[in-house]
Amino acid sequence: MHKKIKNVFNEKLTFEKLIQAHYRARNHKTYKAEVIKYELNLENNIINLINNLRNKTYRLGKYFTFKVYDPKERDIKALPYKDRIVHQWYIEEFIKPYIVPKFIHTTFACLENRGTHKAVEEVQKQMRIFKRNFGDFWILKCDIKKFFYSINPDILFSIMKKYIEDPDLLYLTKILIYDENSKIGIPIGNYTSQFFANIYLNELDQYVKRKLKIKYYVRYMDDFVFILKSKQDCIRIKKIVEKFLMENLKLELNSKSRYYPYKMGVNFCGYRIFTTHRLLRTSSKKKIKKNVKIWNKQYEKNSLDFEHTLQSLNSWLGHSSHCNSYKLQQKILNNCNFLFTPKSNKQIEDNFIYDIENYKKTDI
């Protein structure tokens, strides 16, 4: 594996690779108007994109901004379709093969085979190993205050220069990092932003492992967990980490960052993790119960979108199946009045991972 990325930009700037990036970018968006329009003149559009990248005339398009409110209010920025093709090409051809392999193995998020459930499994595994080898322990659980909005583009670009020596690739990297409307933060919504954020906090990962020599540590994007022997260790490490983040990355810990005995469980990636079992977070339980009430009311008014509702319910069941939640699942399913109708059963045959016949209403 190369220490730095050198002289590969033009080698990877081919029609075939940009077409592959197009197919990835359009995934699940085949019928969107902008995708259809782009494909009407696909060959010429791809050739123009290659020429713009090669001649350094490529510029990002205008962002479309919108808000999301779940789990909290955030501004999301979306670029035109051609830019999403470039993002796909940039990440798949340069970031994944050259930089991602340098990450520590206990960092997760936006990485192949390293999603939320793998992160949860890793935390519980480390807790069990620590308990077996050292007895009782403490948890230091941290997250970054307004992470994406606080990433410093200058620092990020200086980090990328540690990996990239190819001048053409550096030129494109600079375009992708700097948002002309903001001197701080990177856009939430860009495919590149997910990886830039991981690369940014890889600096912390390397510091924790190489300098602090902490063995029991897991990070999922801007949430990270230390497993330590004592409260005093937690206090000491928290101060060191706060100093490193501020001095090197201009980041602050969220006020929710704290330390506590392991018996309280680790609130991480949607679960409360103990050495012996896992539970769903209280917020997840409240949300599904609230949704069931809404779905039942819509069903009574004959306005329920069965397909969308079953997808949402199925997603929650998949999430909850990774913890000790069998009784909770039964209660939730038994309260879903709309499941026990001919219409819903017809759709369940194709879309539902659970056999609804196993969940006929019974006393629990």
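How many helices and strands does the chain have? The chain has 15 helices and ten strands, where helices (H or I, at least four residues) and strands (E, at least two) are DSSP runs numbered from the N terminus. This is a predicted model, in which local features need pLDDT of at least 70 and side-chain atom pairs count only at pLDDT 80 or more, while totals for chains, interfaces and linings use all residues. Residues are numbered from 1 along each chain as its sequence is written, and side-chain values use heavy atoms, with hydrogens and water left out.

## Overall dimensions

Taken along the principal axes, the C-alpha atoms fill a box of roughly 70 × 60 × 35 Å. The C-alpha atoms of Asn-334 and Gln-206, which are 128 residues apart along the chain, are separated by 48 Å. Asn-334 is found in helix α14 (residues 326–335) and counts as buried at 10% relative accessibility. Here buried means under 20% relative accessible area, exposed means over 50%, and partly exposed lies in between (1.4 Å probe, protein chains only).

Of the 364 residues in the chain, 47% are buried. The accessible surface of the chain comes to about 19,800 Å², and 49% of it belongs to carbon and sulfur atoms; these areas come from the Shrake-Rupley method with a 1.4 Å probe, and for residues only the protein chains shown count as cover. Among contacts (heavy atoms within 4.5 Å) with a separation of 6 or more, 72% are between residues 24 or more positions apart.

## Nonpolar cores

In soluble globular proteins, nonpolar side chains tend to be buried together. A nonpolar core is defined here as a set of buried Ala, Val, Leu, Ile, Met, Phe, Trp, Tyr and Cys residues joined through side-chain atoms within 4.5 Å. The largest such core has 75 residues, and those touching the most other members are Tyr-90, Phe-147, Met-160, Phe-224, Phe-226 and Leu-245. Helix α5 (residues 81–99) supplies the largest share of this core, with ten residues. Apart from it lies another core of 36 residues, including Ala-119, Met-127, Tyr-216 and Leu-310.

Leu-245 can be examined individually. When residues up to four places away in sequence are not counted, Leu-245 touches Ile-144, Leu-201, Leu-204, Phe-224, Lys-250, Leu-251 and Leu-253.

## Helix α9

Which residues of helix α9 (residues 167–177) are buried? They are Leu-169, Leu-170, Leu-172, Thr-173, Ile-175, Leu-176 and Ile-177. Their cover includes helices α1 (9–12), α4 (42–54), α5, α8 (153–163) and α10 (191–211).

## Salt bridges

Side chains of opposite charge can pair when their charged atoms come close. With a salt bridge taken as a side-chain nitrogen of Lys or Arg within 4 Å of a carboxyl oxygen of Asp or Glu, the count comes to 15.

| Pair | Closest N to O |
|---|---|
| Glu-165 and Lys-4 | 3.8 Å |
| Asp-233 and Arg-236 | 3.8 Å |

Glu-165 lies in the loop between α8 and α9 and Lys-4 in the segment before α1, so this pair ties together parts that are 161 residues apart in sequence. Glu-165 is partly exposed, at 43% relative accessible area, and Lys-4 is also partly exposed, at 28%. Lys-4, Lys-6 and Glu-165 are linked in a network of salt bridges.

The pair of Lys-12 in helix α1 and Glu-93 in helix α5 links parts of the chain 81 residues apart. Lys-12 counts as buried at 13% relative accessibility, and Glu-93 is buried at 8%.

Asp-233 and Arg-236 both lie in helix α11 (residues 231–249), three residues apart, about one turn of the helix. An α-helix has 3.6 residues a turn, so residues three or four places apart point the same way. Asp-233 is partly exposed at 22%, as is Arg-236 at 46%.

## Cysteines

With a disulfide defined as a pair of cysteine sulfur atoms within 2.5 Å, the count comes to zero. Cys-269 is in no disulfide, the nearest cysteine sulfur being that of Cys-110, 11 Å away. Cys-269 counts as buried, at 16% relative accessibility. The sulfur of Cys-336 is 17 Å from the closest cysteine sulfur, in Cys-323, and is therefore too far for a bond. Cys-336 is buried as well, at 0% relative accessibility.
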